[in-house]
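Subject: Structure handover

Hi,

Here is the structure I promised to pass on to you. Please have it open while you read, as my notes follow below it.

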Amino acid sequence: MKMTESDTITQVGPGTPMGSLLRSYWVPVLRSAKLEVGQAPVRFRMFGEDYIAFRGADGSVGVLDEACPHRGASLALANIEDNCVRCIYHGWKIDTAGKLVEAPTHPLTAKLDKIPTGGHPSYDDAGMVWAWLGVGEAPPRPVFAFSGLPESQVISATGVVRANWVQMLEGLWDTFHAQILHNRANRSTFGETARMANYYSNVAPPGSSIAYDFPELSVESTDYGFAYRSSDDLKDLNYAWIMPWYVHHTVGPNPLDDKAVQIHVPIDDDHTLFWQLMYNRHVPFEPDGYARRSFPAFADLNEFRSEFTPENGWRQDREAMAEGRSFTGIADGRGALQILVEDIAIAEGQGHLDRSKENLGATDRVVTRGRKALLQAALDFERGEPAFGLRADVSAVEAVFEPKVHS
Ligand code: FES
Ligand SMILES: [Fe+2]
């Protein structure tokens, strides 16, 4: 991919083609549990701009530009009063709906409703705070397969990754890497379960010391993004990429199993908010289901990866690798967390990816298609076309694992 095209899909700041497009969609900005009544506003960054979120006394959520609309003091420093933040500089008071209710700098007769406040529409759903950061009128709230589920049926963890959001997404389009990078992690996490019996080949191709299946990949365009499939001797894995940053990925062959979604929202050009979400539309999570088994490995659901950083080499254990106990040496024995940290180490290790220097193979087919789809969506939007996929019905879109071999 040319550098200019790569820049178009990766750069998200104000006024960029992709940045403008992405601001059209509702954004999952932080876990609902991070906002508690009466607690300090929480600062966050999205698309290279700074915001705060807070919870009002009635439980409602407020999302505002971090800079106070009066003279730019940080509203992260503000007091919380009822359902409002009150700036500590001159006392402007703004409620969770973004309405300016008091401004001591103005006479009592002043018309405050004419003053823009930097407030953004927001709400809680599925344990996530959703905000709309665009200009004009917000589109309808999105409805996903996990929307509206109670706490017993949906759980998520977040982490900040020091890599561009497209790099994280590419890792999800590139399904093949799971057979190599996550091979050991999956085997140790899932043991001889139905999932494993159908998941990995135990046979190394001639001349290789690694057992894997060479998959056949296919992609089918949809009104929300695309559906993609990886097929090999053991299984068909059906994934869905929903514009712009959602991927439903398969977990196991049982249709009643917990399901998984990964979301990669750009914080800025070099940082991504990584959401790992699990849900079950049918029943509350079972103790031995994927979600309950996965999340105990996460020390902090608000920042799951903080223990593994580029500075500490993602705690790669070279000794375990040399002794053949581990293939990646990363987060060994940490269950599902291992898989996520392995992905993060790859993306952060890539650094600022130069897509013009790659040598792509047959297994990179979906990656290429995804990049093209993002580029097309950004250019179309710049030309005045509607945001791709924004109004598609995705309420029934899920990943499906179809085993060919029954255990
Ligand atoms: S800067 Fe916030 S009230 Fe003046
Ligand atoms: Fe991965």
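Predicted model: local features only at pLDDT ≥ 70, side-chain atom pairs only at ≥ 80, totals over all residues.

Domains. The domain assignment divides the chain into domain 1 (30–132) and domain 2 (154–403). Their centres, taken over C-alpha atoms, are 34 Å apart. Where they meet, ten residues of domain 1 are in contact with eleven residues of domain 2. On the domain 1 side, the elements that contribute two or more residues are β1 (26–31) and β2 (42–46). That side of domain 1 is made up of five nonpolar, two polar and three charged residues.

Core. The largest nonpolar core has 106 residues, and the members that touch the most others are Val27, Val29, Met46, Ala53, Val129, Leu277 and Val341. Helix α9 (residues 336–350) supplies the largest share of this core, with nine residues. Domain 1 and domain 2 both give residues to the core, so it lies between them.

Glu5, Thr8 and Ile9 of α1 make the contact with Arg371, Leu374, Leu375 and Ala378 of α10. By class, this contact of α1 with α10 holds four nonpolar, one polar and two charged residues.

Backbone details. A cis peptide bond runs from methionine 243 to proline 244, with omega near -10°. Proline 244 sits in the loop between β15 (235–242) and β16 (246–249). There are also two residues other than glycine with a positive phi to look at. Phenylalanine 47, in the loop between β2 and β3 (49–55), has phi near 50°. Phenylalanine 47 is buried, with 23 other C-beta atoms within 10 Å. Alanine 331, in the loop between α8 (318–322) and α9, also has a positive phi, near 50°. Alanine 331 is buried too, with 26 other C-beta atoms within 10 Å.

Happy to talk any of this through.

Best wishes

Terms used. Residues numbered from 1 in each chain as written. Chains lettered and ligands numbered in written order. Core = buried A, V, L, I, M, F, W, Y, C linked by C-beta atoms within 7 Å. Buried ≥ 20, exposed ≤ 12 C-beta atoms within 10 Å, placed from the backbone. Helix = DSSP H or I, 4+ residues; strand = E, 2+ residues; numbered from the N terminus. Domains from an automatic or database assignment. Contact = placed C-beta atoms within 7 Å. Nonpolar A, V, L, I, M, F, W, Y, C, P; charged D, E, K, R; others polar.
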